[in-house]
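Let's work through a few exercises together. Keep the sequence and the 3D view open while you read.

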Amino acid sequence: MEYCLELKNVTKSFGEVRALENVDFQLNPNEVVGLLGDNGAGKSTLIKIITGYYQPTSGEIYFNGEKIDHLTVPKARELGVETVYQERALAELQTLWRNIFLGRELTTRWGFLDVEKMRHETYRLMSQSMGFTSSAVNPESHVGTFSGGEKQGVAIVRALYFDAEIIILDEPTMGLSLKETAKLVHFVRDIKAAGKSAIFIDHNVLHVYNVADRVVVIDRGRIAGEFLTQDITLDHLMEKMIRVAETGSLD
Amino acid sequence: MSSETKDITSETSQSYKQPFSLSRFARTYASQLGILGVFFGLWLIFIFSAPNTFLKPQIYYAFMSTVPFFAMMAVPLTMLVIAGEMDLSFPSTMAMGMVAFLWAHEYTSSVPLAFLAALATGVFIGWLNGLIVVKFGIPSLVATIGTQFFWRGAVLVLSQGMSGSLIYVRDSLLYPILVGKIGGYFPMQMVWLIVITILGWVLLNRHRFGAHIYLIGDNVASANLMGINTGRTRIQAFMLLGLVAAFAGVVASFHVAFFWPSLGEGYLMRTLASVFLGGTSVFGGVGTILGTFLGSFIIGAIEAATVAVGLTGYWTQLIYGLIIVLSVIMHTFLRKRVE
């Protein structure tokens, strides 16, 4: 079977610092992979390479078996990669509809904005997918006034709106309430049910274990190991994570 | 940037439109309503204190004749400031455009070609500003302090500091188009200001370029993550200001049919003040064209009003300062109330 995404021998250096070293990573169609690792292990660097934000120093990237040479953010999006960033990538002084279509505004000819359609779509997404019912939230609301969970909802709905094949969630539970976190876990299950793939990054082992088919552990820029969640208990996985943090090796 | 999406519009016919609410309207347009209030408030004060001046059309023709020279530039400057950038070199661009005009006219004896040469020079200077800022990562405030001196210096070197008559432009077809008077009263430069303002509004509010300008000024990191070419957009904004500055330089010079190497000096502060008076935030991400338009007429009217009201000219700057500071405080206050 063909991987929908594969990284071969990817290295990324920032000057003297090696953020990633000879990383091999695969994502199967309709698979949810959890990416675990301590702060600074290289999780964010890895996903920024997949989304085309960083160019790898060396190594190869394949989408559906096809090698992609110079991956950029627009190109990754064309290939169906959508990302919910840790920093959420929202423009807080702008209205909700501008945020939903950030960087991919719906336009008519000559690049003129189709403002009506964007407002309409935003309203539909809000009421159907985000479950915003509060009348204070409308397409003209400024995103800066939203709660953490609402902001996360905006970032997620934005990823969903554009037919994504691979959805990347970078620390999506950060700053969320318990109820909002439960909603998020539910949402990742929906991605799987819809036949799409996801990469779920978190340093909360519990969240990842609950939704992922496979867990990949990164430590100091290298892949330390990987497990199918069906083959390992949560306790065992936690034990291994602690051992990696202390010794740099799983066993 | 493709905008292919699932066609889901048909799934719901529900309208997002909510019944009109005055408080929401006031919140959405707080900043613009604020500056409108200042504008009409000052106007009323002027009318009551100097009815002989402000109830006659002459004063308004005078404003429409002189305000457009800097108000035109305030429109693209607003976009640049919304994008979180600054440009202090546009007064020098005005003059450098005219140097190109004089050169081209000397070689071709054609006023339209000379006009195009001036505009091209403006675009080039803007491009260079943008390039220095984007490619070398130099803060635009610092970079354009440098280019401001450089281009003013270039004007002085190339013109040998000499001014010159442009009396020949009066025979050109461009003269009535740029600075003629409709019906003998209404100045053409005001028409151009209105055109630039409307085009500026459309570009900023109804075009992808404007959408990206707001996003870059709001959060450049987000804009980059979401795949916006932030460098190119900022360079384009600098080029736009260069173009309009060169245009304003030609219009201002045609108006007096004379070229001064000091052309543009004195416009820097007025143009900047118009932008900030109009509610554009120096931190980027916020600002409107309407606010800038009203701001430039407030700035333009204060000088005449001070004298008409019976104060000496010494009061002008004091009143400028007062109104600018109070308005900026008002905008900040309104913005906080909204959030």
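**Exercise 1: a sheet in chain A**

Task: find how strand 1 (residues 5–14) and strand 4 (residues 58–63) of chain A pair.

Solution. Strand 1 and strand 4 of chain A run in the antiparallel sense and are joined over five bridges. Here two strands pair if DSSP finds at least two bridges between them; strands (E, at least two residues) and helices (H or I, at least four) are DSSP runs, numbered from the N terminus. As one example, T11(A) lies opposite S58(A) of strand 4.

Next, look at the whole sheet: four strands of chain A form an open, antiparallel sheet in the order 2-1-4-5. Strand 2 (17–27) and strand 5 (66–68) each have a single partner strand, so one side of each has no neighbour in the sheet.

A note on the model: it is predicted, so local features need pLDDT of at least 70 and side-chain atom pairs pLDDT 80 or more, while totals for chains, interfaces and linings use all residues. Residues are numbered from 1 along each chain as its sequence is written, and chains are lettered from A and ligands numbered from 1 in the order in which they are written.

**Exercise 2: two helices in chain B**

Task: describe how helix 4 (residues 57–82) and helix 14 (residues 289–309) of chain B cross.

Solution. Start with the axes (lines fitted to C-alpha atoms over the stretch in contact, with angles from 0 to 180 degrees between N-to-C directions). The axes of helix 4 and helix 14 of chain B come within 8 Å and cross at roughly 140°. Therefore helix 4 of chain B is oblique to helix 14 of chain B (under 35 degrees would be roughly parallel, over 145 roughly antiparallel, 65 to 115 roughly perpendicular, and the rest is oblique).
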